[in-house]
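Some notes on the model follow, point by point. Please read them with the structure open.

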Amino acid sequence: MNQKVTTVNLVMNTEGSIEALVHHLLNQRHPDYERQSDWMRSIFVDDGSSDGTVAKLREVLEREGEKASHIQVIVNEKNLGLSATLNKVLSAVETPYVLTCHSDCLYSSDDYVLKMVSHMEANPKIGALTGKPSLSVGSKIPFVERLYLVSNL
């Protein structure tokens with residue numbers, strides 16, 4: 001297996017938006033591989049959702065069938081918090097690279113994961129990368145999130 005990267009998708013109480021995240025994830029492409037599962041694996045980690053996130057996620061993945069066969073779902077029965085959840089899931093990663101995506105983020109293009117991996121491979125001294133924050137026109141986000149966004153642009 002040539003899998004180079006594992007995407008870790010952290011979710012909690014995202015029943016209304018989980019389908020979009022799965023859609024963006026499954027649209028990731030690599031020009032050298034016909035199937036996404038040949039170069040990428042994915043893990044969704046639910047950190048104790050109190051809504052229907054897990055049921056909706058499983059429904060969407062089942063509907064996608066073979067296309068989503070490389071996606072694993074881990075469910076924390078209670079909220080462990082970000083640090084403990086990341087420690088738990090990162091111990092299960094077997095690929096050279098890992099990309100985390102929080103449930104309020106989407107992959108901005110169909111080659112986003114490929115670009116991140118390519119950048120890491122071309123620059124082996126880099127220890128970590130972060131995505132570029134962006135907003136769609138008319139987005140309403142809390143003040144603190146706007147501050148975070150501006151400080152990272």
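1. Helix H4 (residues 112-122) has these buried residues: Tyr112, Val113, Leu114, Met116, Val117 and Met120. They pack against E1, strand E2 (40-47) and strand E4 (97-102). As background, an α-helix has 3.6 residues a turn, so residues three or four places apart point the same way.

2. The sheet is open and has four strands in the order E3-E2-E1-E4, paired in parallel. Strand E3 (71-76) and E4 are the edge strands; each has a single partner strand, so one side of each lacks a neighbour in the sheet. From one strand to the next the twist averages 20°.

3. E1 and E4 run parallel and are joined by six bridges. Within this pairing, Leu10 lies opposite His102 in E4. Helix H1 also packs on the sheet, where H1 touches E1, E2, E3 and E4. The direction of H1 makes about 165° with that of E2.

4. Asn13 deserves a look. Asn13 lies in the loop between strand E1 (5-11) and helix H1 (18-26). Its phi is positive, about 55°, although Asn13 is not a glycine. Is this residue buried, partly exposed or exposed? Asn13 has 35% relative accessibility and therefore counts as partly exposed.

5. On confidence: this is a predicted model. The mean pLDDT of the protein is 87, with 83% of its residues at 70 or more.

Methods:
Residues are numbered from 1 along each chain as its sequence is written. This is a predicted model: local features need pLDDT of at least 70, side-chain atom pairs count only at pLDDT 80 or more; totals for chains, interfaces and linings use all residues. Side-chain values use heavy atoms; hydrogens and water are left out. pLDDT is the predictor's confidence in each residue, from 0 to 100. Helices (H or I, at least four residues) and strands (E, at least two) are DSSP runs, numbered from the N terminus. Buried means under 20% relative accessible area, exposed over 50%, partly exposed in between (1.4 Å probe, protein chains only). Contact means heavy atoms within 4.5 Å. Two strands pair if DSSP finds at least two bridges between them. Axes are lines fitted to C-alpha atoms, for helices over the stretch in contact, and angles run from 0 to 180 degrees between N-to-C directions.
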